[in-house]
Amino acid sequence: MATQGATEKSGKVVIRNIGLLLSGDIDLPVLDADTIVVNDGLIVAVGKAKDCNLEHAQTMIDAQQTCVAPGLIDSHVHPVFGDWTPRQNQSGWIDSTMHGGVTSMISAGEVHLPGRPKDIVGLKALAITAQRAFDNFRPGGVKVLAGAPIIEKGMVEQDFKDLADAGVSLLGEVGLGSVKAGYEAAEMVRWARKYGIQSTIHTGGPSIPGSGLIDKDVVLEADADVIGHINGGHTALSEAHVCELCEKSSRAIEIVHNGNEKVAIAAAQAALQLKCPHRIILGTDGPAGSGVQPLGMLRMVALLSSLGGIPAEIVFCFATGNTARLRNLNCGLIEVGRAADFVFLDKAQHTAGRDILDSIQRGDIPGVGMVMIDGIVRCGRSRNTPPATAIPVVLGVA
């Protein structure tokens with residue numbers, strides 16, 4: 001199934017009887033619609049059932065009045081090869097995360113590879129290999145955007161052109177290699193941007209041997225596209241410095257599970273006060289020393305909603321549409337032309353919440369009833385979340 005993910009076609013899929021449709025669009029987080037029509041992995045219609053063409057569907061799904069949201073996008077992961085992480089010697093972590101509603105992941109560097117090459121030829125080769133491997137292999141159907149080299153001293157502009165020409169579109173966390181000074185990083189970030197490569201910078205104290213403190217001044221001077229784990233991975237800068245980064249930089253504000261939870265809330269609230277909630281994106285920063293978190297993205301949604309006082313439907317946008325737009329992905333939003341990557345959710349059984357949004361705002365994570373990637377069902381009731389009160393039903397496949 002995993003290797004078929006890149007080529008298998010869904011045909012026409014109709015999803016009807018949706019109780020709550022979250023759009024992923026922070027300007028309109030809830031859609032007045034109960035039906036989605038998909039053809040060969042792309043959304044072709046969103047609206048009321050009476051206004052959509054439901055005929056000749058290969059697959060018909062009754063959502064049973066549950067919630068449908070864009071598949072979650074983990075903006076910060078550290079894959080290596082296949083569905084195995086040497087960091088925790090754990091297999092199947094990506095497939096397990098799919099059961100937590102994640103349909104796309106973005107590498108912040110393949111840093112956990114034993115013996116990771118740090119010479120320029122080797123680091124470029126590793127990035128190209130990782131990009132190619134995950135382009136061909138989708139564990140559980142999850143789209144893993146990998147091949148994110150860790151920049152090292154001695155790299156020149158031609159190296160970034162070579163990487164871009166080979167299909168590499170990401171830089172690993174600036175600061176995990178030998179380049180730690182702001183002026184050095186800034187030059188390489190400019191070279192990367194010139195050739196269409198998006199950059200992320202480590203923020204906060206060291207996470208693994210070889211990394212180091214990256215303070216607010218380095219982050220501002222480097223001017224990477226994404227302020228990686230602004231709440232630390234694991235150790236955060238002071239709340240004052242984090243809020244200063246939100247104010248003085250215009251770049252993406254990435255909040256992660258494996259960071260300081262108090263600072264995570266402060267960063268999100270600072271962005272809201274600055275009227276730039278579209279800059280907030282979410283990730284897990286796993287696998288890491290704290291392990292793998294299959295439900296990390298859902299836990300971040302519940303954290304920011306319940307303790308941060310942010311409506312759950314808005315926080316879902318941080319985990320979907322915001323990331324899609326800032327990272328130029330054709331998913332993360334429920335709109336015509338986007339990839340049909342969905343997570344079907346409902347309130348967990350026996351939650352105190354009245355409905356799914358209320359339960360999340362009380363701090364409970366929802367239950368996943370189904371995950372669909374490119375219009376293809378990848379799992380039914382999640383093996384990892386608490387059981388959803390109701391789950392969708394596949395009525396038939398032609």
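The side chains of D374 and R138 meet in a salt bridge, with N and O 2.9 Å apart; the term denotes a side-chain nitrogen of Lys or Arg within 4 Å of a carboxyl oxygen of Asp or Glu. This pair links distant parts of the chain, 236 residues apart: D374 is in the loop between strand 18 (367–373) and strand 19 (376–379), and R138 in the loop between helix 2 and strand 12. Helices (H or I, at least four residues) and strands (E, at least two) are DSSP runs, numbered from the N terminus. Both D374 and R138 are buried, where buried means under 20% relative accessible area, exposed over 50%, and partly exposed in between (1.4 Å probe, protein chains only).

The model is predicted: local features need pLDDT of at least 70, side-chain atom pairs count only at pLDDT 80 or more, and totals for chains, interfaces and linings use all residues. Residues are numbered from 1 along each chain as its sequence is written, and side-chain values use heavy atoms, with hydrogens and water left out.

By the stated rule, the count comes to 25 salt bridges. One of them joins R193 and D225, whose closest N and O atoms are 3.1 Å apart. Because R193 lies in helix 4 (residues 182–194) and D225 in the loop between helix 5 (216–222) and strand 14 (226–227), the pair ties together parts that are 32 residues apart in sequence. R193 is partly exposed, at 29% relative accessible area, whereas D225 is buried, at 15%. Salt bridges that share partners also join R138, K143, D341 and D374 into one network.

A contrasting case is D285, in the loop between strand 16 (280–283) and helix 8 (296–306). D285 is buried yet has no salt bridge, and R87, the nearest side chain of opposite charge, is 8.8 Å away; Lys and Arg count as positive and Asp and Glu as negative, while His and the chain ends are not counted. Leaving aside neighbours within four places in sequence, D285 is in contact (heavy atoms within 4.5 Å) with residues including H76, H78, E173 and H229. Helix 8 itself is mostly covered, with nine of its 11 residues buried.

Finally, three strands form an open sheet in the order 8-11-12, with parallel pairing; two strands pair if DSSP finds at least two bridges between them. Strand 8 (72–77) and strand 12 (143–145) each have a single partner strand, so one side of each is left without a neighbour in the sheet. Four bridges join strand 8 to strand 11 (residues 102–107), and D74 stands opposite M105 in strand 11.
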